[in-house]
Structure formats: C-alpha cells, structure tokens
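Please keep the sequence and the structure in view while reading.

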Amino acid sequence: MRAALPVLCLLAAAVLAAQTPAAKPPAARPAAPSYKDLKYPTLRPIQIPPVATFTLPNGLRLYLLEDHELPLVSGTALVRTGNLFDPADKVGLATVTGMVMRTGGTRTKTGDQLDVELENIAASVEAGIGESTGSVSFSTLKENTDEVLGVFHDVLTAPEFRQDKIDLAKTQLRSSIARRNDDEHGIAQREFANIVYGRSTPYGWQIEYATVNRIQREDLLGFYRRYFFPANTMLAIRGDFSTAQMKARIEKLFADWTVEQPKVPAFPAVQRESAAGVYLASKNDVTQTAFVVGHLGGMVSDRDFPALEVMADILGGGFSSRLFRKVRTQLGYAYSISADWGADFDHPGLFRISGSTKSASTTDTIQAVQQEIERIRSGEVSESELQIAKDTALNSMVFEFDTKAKTLGRLLTYEYFGYPKDFIQRYQKALAAVSRADVLRVAREHLSPKDLTIVAVGKPEDFGKPLSALGAPVKTLDLTIPEPPSEKAAADPGSLAKGKQLLQRVQEAVGGAAKLAAVRDVVEVIDFRLDQSAGGMKVKQTDVWLEPNHFRQDSEMPFGKISAYSDGQSGWVHTPQGTGPLGAAQLKQVQGDLFRLYFRFLLSDQIPGRTVTAVSDDTLEISDREGHSARLVVNSQTGLPEKVTYESVQMAGTPMAVEDRYADFQEVNGLKVPHKITIERGGRKFADLTVMEYKLNTGLKPEDLKKQP
Amino acid sequence: MRPLRCVLFLLPLVLGAQDLKEFEKKVTEFTLANGLHFIVVERHEAPVVSFHTYVNAGSVDDPSGETGIAHMFEHMAFKGTESIGTRNWPEEKKALADVEQVYNRLDDERNKGKRADPQKIKVLETELKAAIEKANSHVVPNLFPQIIEENGGVGMNASTGLDATEYFYSLPSNRIELWFLLESQRFLHPVFREFYKERDVVMEEYRMRVESSPRGKLFQSFLATAFEAHPYRVMGTGWPSDIRNLRVEDAWEFFRKYYVPANITMGIVGDVQPSEAKRLADKYFSALPRRPMPPLLHTVEPSQAGPKRSDVYSPSQPILMVGYKRPDEYDKDDPVFDVISELLSGGRTSRMYADMVRDKRMALFASSGDTFPGGKYPNLFVFFIGPALGHTVEENEKELYALLERFKNEKVSEEELSRVKTKTRAGLIRRLASNPGLASLLTAYYADYGDWRKLFTSIQDVEKVTAGDVQRVARSCFVPEQRTVTYTSQPAKPAGGAQ
C-alpha cells in the first residue's frame, strides 16, 4: 500500500511528473478513517532559488541570495581554518583566536564599543573557529545594513586582539576546563572521541590549563594572519537586498583587503587504528550510566554513505528503530538511545551508539546494543524496515529545502568541502536505490564488532553485572584534570591568612621555622636517574647553596663533568667543551631552583616579596615579585610537603609543567628532609633523585662555590 | 504628561502596529462547537506545514501523590489508539483489563501496609508481569510515531511544562490530513498500552534530568525551598516514589479532566489553505465531546516570611541560583520584568555580563530569567551563575547583591532602555521566520492571554516601560525577604582528585 504513495519525488529536480494529481478527499464519513486509506496529493514542486556567485578581484568568493520575506540581512564569511591546526603545545589557540577576533575589537574600536554599537541597533557580529571551519557572521535589520557591514568588515579584516580580552577568553576557557567533568554524557562523548581518534592527534587531544596558559597575543596574530585572507574566504549573504547593489557594496567595502598568503594545506589525516576496548570512568554522584559504543566511521563522499545512513537509521534512528524498540520500549532500560553513522565531509567521522540507563542495567544494556550490532550484520533487514527507513528519509527531504537559509548554507558547505552542487540530489537518488542486500553488505563491511570502543561513565559499584562481563579487560579512565602549573591564585585576605597558617603547619612538621631559618649553607649529593623514557641516563650530582643566592652544581655525566655557578644574577658554566657564561634560559632555571630551594621555600612567609596563598585546604601557591611561582601540596595527615608543582623554563620552546614528589623524609640537623624525589615533566615520569648525603651549615664561603674547575 | 517621551516612542509603536496589521492578513482563527480552537497561519514559502497542540494543563495540575502524571500522560500520547498500534484490539483490550485487575489485587494487598503478606505480593507481582507480557504481545510497538516519521514528519516531540503540555511536529504539506487524523485519534481513542514499561522509561528520564545532573538537583532543591504550598515546588518530572506507583487509571483521570477541547489550542503554520484546514478540523475533531473546563488551581503560595537558603552537595563545579518572588505573567508589571531581565543579562552590554563576566572575571556565565519555573502563577525572577575558576559562589552572590543595589539606586539610562526596546522589537521580527516557532508562540499566547495578538501587543507594552517603572519594580522585587538562594557545593573532600 505504501508503495502507491508518491514518496520518492519531493524535489523539483526529481521525477514527479508522472504522479496522479490530488485525489479528491472522500466525503466526510461518520467513523474515523484509517490512516492507510488517506490519499495524498502530489507535493508541489519546490523552487530552489538560484544563488548568485562571484569571485572578487582579491580572490574573495561571494554568494548572494535575496530573501524578501522579512526586513533582515545576514551573512557569514567562511574561512578555511580550524582547531585542527592548533600547535600541540597550544591546544586552544584557534578557539581563543576566534573568540577574541570579535571581543578584542578592531583597529578603531574596542570590543566593548562594538558591543554597545551593535546592541543599540539589535544587530550582531560574531566570530568563531571550530574544528575545521572559521567564521565571522552578522545579522541586522535591513535599515542598519551599511553600519553593520562596516563592523563586519573590520572584524574580519582588521581585528586588534586587545590583551584584556585575550585574558578574559583564557579565563573563560580555564573555567570551562574545570567544568568538563560535571556532565556524564559530555564525558562519555568526549572520551569516546579522544580514544577513537587517538589522544595525541589533533582530532583527539584536548585543551588543558597548560596549553591555554601558553597562548599569547603573538600566537593569535600569527594564527589570524596565516588563515584570514581573501582567497581563503567565502562570503555568503542572504536577506532583503538587491543582488546587484549588494555585490557593488561588498566589492567596494572589501577592495582594501588585499593580503595574500600561501594556500592553506589540507587538514591532518585521521589515523586508522583500532582503539578496541572497554573503558570505565567512575562518577559517584549519578544514578545512571552514560555510554557510547562505536568506532571510526566514514566520509559523506563514500560510495556506501547512503546505504550506511539507511542501516544506521534501522539500527537506531527513530521510534521504529531496532535499538529504540529493544532497549527503550521492550526493556524500559533507557530514555535516550540512538545510533548515528556520523560521517564527516573531509575525514572519517564516528560511528556511535549513545544512550543512558540506570546503573543496575548498565552491562545488560551495552550487551543488548552489541547484540543489535551483531544482528544487523548477520541477516538482511525486513522489507518493511527498509521501506520505513527510506520513506522516513525521502519524505522528510523537503525540509532540507524549506528555507533559503538552508539552501545557502548547504551550497556553502558543499563548496567549502569540494562537493558537487547537486550532491543532495545524487544522494537522494542513491538512497532510493538502496536494497536489503546493500544494507547487509555495508553493515558487514563497515561495522566491526571486534573494533568496538565502549565507554561507560557511571557508578560501577551499582552496575549489578560488572562491565568485565562484556568479555574484555576494563580499562579505567583517569579524568583528573592536570593542574595549571603557574596560575596565580587570588590573593584575597582569607586565602593569605589560610596560606600562612598552612605553611606554618609545614614548618612545624619539618622541625620548626627557627631551625629552617638557621640554615646558612647546604651541600647535597644526589644520585640522579633519568627515566627510561627520557634516556635512562645516570648522573651523580652535587648541589651547593650558600645564602643568599650562591648556587653551584657539579654533575658527573657519562660524557664528562659539567659545573655551573651563579650568584643569582649571572654565572658561568663549564663543560668538557669549555667555559662560558650562563645562558638566559639556564639562568632562569637556576633562579627558579633558588626560589624553590627546600629550606627557603618552606620559609616563604618570612621572605620579603614573597606571597603565600592557600588555593585549597592542602595546596599553597607561593610567588615572588620576579614572577616565580610554584605550588606546594601538603600531606593532610603529616603536614609534610608532598609535592611541588611549577613551570620550568626549557632550553628551547615553551615552558613545561613539572612536578616534584617528595618521599623518604630523614632528619638532618633536626630537620625532616626528603631523600627521594620523583620528577614528572609534562605529565610524564622524568627522573628519580636519591639523596646520598646532606650536609648543613658547614661554613662555606662564596669563594668555595665560585672556584672554576 | 510627558509629551517628549510620547514623541520619542511614536516610531516604534507605529512600526509594531504595522507589523501586526501585515501579519493579521495571514492569520485565520476558528473555534469548533466543542470549544477546540484553531489558529492557522499561511506561509507558502515552501511546501511544509508545522503543527502545534497546546494543552493548557501541566505538571502543576498533578494530583498530590501522583506527581509526574501530566508528564506520564504525554509519553502515553505516543502509544497509539484503538486502531493504531494493535494487532487485535478486542483481545488487547481484554488483556489490558486483566493487567489492571491483577494490579488492583496487588495494590489491595500492598495497601494493607505492615500487615501485607509478602508471599502474596510476590505471587501477584509474578502474575502482573505475565499479564503485562501478554498484553504486550498484541502491540505493534511505536506505530503511531512511526507513521509520522515515514511520512516525512520532522521535529516530532512533546514537552510537559509546569503550565502546559505541548505536542508538535512538521509534515510535507501534501500530508496535512494525516496530522488531522492522527492528532484527533490521539485524543478521541487513546490507548495507554505499555504503560508500566513506559513508566520505567520516565524513571530513566528522571535519573537523566535530575538525579544524574548537577543542574537538575539544584533546580529540584531550589524550587522545593522557594515554594511551600504552590505546586511550582515540584519539578515536572515528579518524585520517583510517585512515578513508580502511577497507574493507568491515574492517567485516564488526568486526561478526562484536563484534555478538554476548550482547554486545547491548535496551531497550523505553513503551506496550508485555511478553508481546507477548517474543513478537516470539522471532519476530524468535531467528534471530540464538549466537556466542562477543568477546575482552577486554588492553592496560593503564602507570602514569604524571610530569606531562604538550601545547599546541594555535588562534586561538580559550583553553580549558584538566586530567586526573588514576583507576580504572575498577567500582572501589569510583567513587561517591566522582561525589560529588567534584558537589562541585567541580555547580551554583552548587560549589567551582569559586563560586571561579573567581563570586568571582574568572577563568573563563567551569569544570566537571569524573568519567569521561573512557569508564568501562570506567581513565580520567581531568577539568577543563574557559574563562578569562574578560582572564584567562589559566595563571592558571586555578594557581587550580585551589590549589583542589584546599584540597579535599585540609580535609574537606568535612556540609552540602555531604548537598546532593550529595540532588541525586543527585532527579536519578534526574527521569530516570525520559523513555522514551528510561530505555531508554538501563537498557541501559547492564545491559551495564556485569550488572544494571539498579545504576541505583538506585548511589544507595545514593553515600549511603554519607563526608567521609573524599572526602578520601582526592582526595588519592590529584589529584597531579602523574597529571596531564595541555592547552590551546589563540594562536601569536605578527602584528598584532591577531580571527581
């Protein structure tokens, strides 16, 4: 019966001439008719409006579409860039650039001035950079078009990136990082994507405090200059205007935008590696588990894309899908459950089945999902399932064309990713031709049960059946957010008082402030072992300190001895290759070490210029006027220092987050001093230090330290 | 009295009136003999139509002990009818009656309380499970929504609010009759099949929206603290213990009482001929019997005696919610509250954004809402704030109060005020471009105010708001004795760790 309906011909372009015209509805009947008896007239053809397309002399491509229904004009400049181009140590750069392009104002006006100007006329200009697109858009009442276009032009071509708004954007991003583990659905989706794409790839890495902190104005300017140029930009405008006039306006307005840059390279490729496994993230404040099951998907341009869409719809599309029927309707296990083939335009997307269920039915529900994946691979779907899926897609296709905004948006997307203009018509034809055999074939070829990544976020104690029942070892996800290495804590009176209190507790625990203050010089002999991952080298090192700021280090390396000395302001370094002055980076390193010298660091509340604040019940932040800063984490039971975190200056490149963990406290001159220190750099184990000998107050003189070998 | 101001405001007023006049030409309204009201708007840009059913009853109408029933009914409205979704209606009808009969026996036993026989309960529970399975064997699952989907329906969903329940979707415009048929059958011959399975689904929804969501937990505590008597104190999802005991008969009672034709408004917007809509409305909906209007809700929230506060422990990052009691949306000052909310948190020029987010950087987000959780009854003007990293809820709460004091003490500038008015007017124009949006707005305005034109005339009400009005209302509303504060906080933590 359904085959008789004119379901395949919603588009003007499609073949709909042969259909029967509107059947006259039957005269009103007393009883309710069946929906099966309804006869529908042919859908009237859709007029797809032509989009006027131009390329301006500067290379800017312009797309104009008149829309006179309402007195509005809106537009979008699409720029080929994205956060896929973020440097690995500054993840977040594209995002900050996109935010501050608008908020940081233009050459002539601050962002705050733009806010007032635009809001006074109920208009908007906004910028943003996503994964693989950058955009600046505007919307205005027709009467203010000129004024708003002027602001739009300035934001696109002459953003100023004022520092105050860079700071604001970074603050906002850091606050968002702090909140990223609050929603279990968000966690599940994020972890799934990061695992499947790989955490070390641009598709799978994430913004961290450290990567945000490194972003500077110069980076924003560089990123902007590289990608925002006319030949790399498509501008689409829609609304209540005449095409000829708007074209002339834009040509004139953007005539001054003439910057050139080399062609932007392709986005990085996705690495096709299996990330199979069962992953669990514990969250103890929930009664429900959020889960995602899936693996790498495909591209919109794949030959099998239409059949895969049909397959995914039958598996978990709407109310009539297999997963919805099984997991929600039959089992009553879930409110939300859905499958998505999730192809992307220019790189493999994610095949995902997502849902949530009460903790106790977690494993059962995931097993039901796995069974449905197996089932769709093991036999053809029924004719009625196929028909429902195809009808659903084809009959709703008209909504792809119901507004001019969608028509223009689609054209822009196709052009941006290099798809043919009539891609949707081709897709529609291919969809109509999908057979049951096709669905089975693509399910077998593209769904791979052995490669499934399963991520569950919830409270494992309540799972009833443990996740291990899924038959694979369960890997635990650590959601701990790496601490910001040098974020300054707010120095309000409360945290200052608390900071002093906590530091005094530490002083008590190690032997008392008086004993600490009595330390005049230190000699420390250390067995320094680099971790295997860092080369595994062994070094015997002697560190000598004499107040106030004399510091010497002698290291016995496999390739010879290195000695260095500094008085805190300058110094020398002696290597087997010769002697020279300390470089700027090395000097900074020494100054940092002096700032964190155990006996001085713990006395920071008595050293002028140093600020001690409590950032939490067990963590202090200590900083000085020279810009040094480090955090001290205190063991809540013993009051002893547990670890110190800070940013170290690198010989080259950006600072790195370092963490020194203290253990094996032994008494030296009545003071508890750690004899084992583990160093982590950038979240990785770097070295183990064992103190072989500690000598305090041996009466050293500056000359003893200054003496060159 | 103030001739200058009148001149200043003449222009926007005229524009508003013109908008309305222009728009009115596209609107057709009619009411069936049973009281069911239709609003039809012609927009022939594309061959699509959006439908919106607005039932003027919501979770505030949940009977005590049956919280969640309005929401449960909304779920049942997708379960089909006597002719849609069954393999054999007479058999299924019998099986459904058997389920209820066993359930009644089970409840009889349970109602003995302490004297109930656990063995008997166990037996009856097993029997009930079997009866449910038998009834389910007659079901063609999800056929009702499936018909909509396979006919190209998009945006199909429903929502249960405290004030109203809404059902909506869009179809290609050659299938208009399908909506008339399905929507009328939905209310003429509903069948509450798979009720007890769906109850589990509704419980899952509660876990998702409330128990497992820091915001949900915050809202639940905030409302229960702010309201002592009025049903606004319970979220629409209801209480879990009530949900677990909802019965089919409860849904029927709710349906019979509140799903009365005169209590329902239907909006149809898009490629539709009004005459055709009228003909189909008569054909399909006339059979709905005229029934008396549901009783009004009589419970009135007693006046608040002093500031209130509640804490929600949560390991997540803190969120702060502050609310002040305000009158219902029919109050003459309603547009003043709209203006205040826009002044305080609409856009980057707003007071809260500029102060708390941009300049002091103590908040990640800081927003206000002029009506919460519903508008038909006296409710709350709310503030919703997420402190920035390193800043506390206490700090943000203090800053909010300081900001409100400044707002009460100094009159807002004419520039700020006229900015808000311009934005409100432009906002309306932007809303006119969407079929589903219009269908939703027009039915809501008709149901709430008795005339959809209020959508346009409310703009004129906003135009009339003065700086004096803003100050007067702010001074009477933002006072400690009308305040409720709730925030999430971390209980004393053991040692470090994000979660």
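## Contact between the domains of chain B

In this predicted model, 25 residues of domain 1 of chain B are in contact with 15 residues of domain 2 of chain B, where contact requires that the C-beta atoms of two residues, placed from the backbone, lie within 7 Å. Domain 1 of chain B covers 32-86 + 139-200 + 252-285, and domain 2 covers 308-489, with bounds that come from an automatic or database domain assignment. Between the C-alpha centres of the two domains of chain B there are 32 Å.

On the side of domain 1 of chain B that touches domain 2, at least two residues each come from strands E2 (37-42), E3 (48-55), E5 (165-172) and E6 (264-270) of chain B; helices (H or I, at least four residues) and strands (E, at least two) are DSSP runs numbered from the N terminus. E6(B) gives the largest share of that side, 6 residues. By class, the side holds 12 nonpolar, 10 polar and 3 charged residues, with Ala, Val, Leu, Ile, Met, Phe, Trp, Tyr, Cys and Pro counted as nonpolar, Asp, Glu, Lys and Arg as charged, and the others, Gly among them, as polar.

## A helix pair in chain B

The axes of helix H12 (residues 334-345) and helix H18 (residues 467-477) of chain B come within 10 Å and cross at roughly 90°. That makes H12(B) roughly perpendicular to H18(B), a label for angles of 65 to 115 degrees. From H12(B), Val336(B), Phe337(B), Val339(B), Ile340(B) and Leu343(B) meet Asp469(B), Val470(B), Val473(B) and Ala474(B) of H18(B). This contact of H12(B) with H18(B) has 8 nonpolar residues, no polar ones and 1 charged residue.

## Chain A and its side towards chain B

Chain A has 20 helices and 25 strands, and its C-alpha trace spans about 110 × 65 × 50 Å along the principal axes. Of its 709 residues, 42% are buried, that is, with 20 or more other C-beta atoms within 10 Å of their own, these atoms being placed from the backbone.

Between the chains, 72 residues of chain A are in contact with 64 residues of chain B. H4(A) gives the most to the side of chain A that touches chain B, with 7 residues, and that side has 33 nonpolar, 23 polar and 16 charged residues.

## Numbering and confidence

Residues are numbered from 1 along each chain as its sequence is written, while chains are lettered from A and ligands numbered from 1 in the order in which they are written. Local features of this predicted model need pLDDT of at least 70 and side-chain atom pairs count only at pLDDT 80 or more, whereas totals for chains, interfaces and linings use all residues.

Conventions. Axes are lines fitted to C-alpha atoms, for helices over the stretch in contact, and angles run from 0 to 180 degrees between N-to-C directions. Angles under 35 degrees count as roughly parallel, over 145 as roughly antiparallel, 65 to 115 as roughly perpendicular and the rest as oblique. A residue is buried if 20 or more other C-beta atoms lie within 10 Å of its own, exposed if 12 or fewer, and partly exposed in between; C-beta atoms are placed from the backbone.
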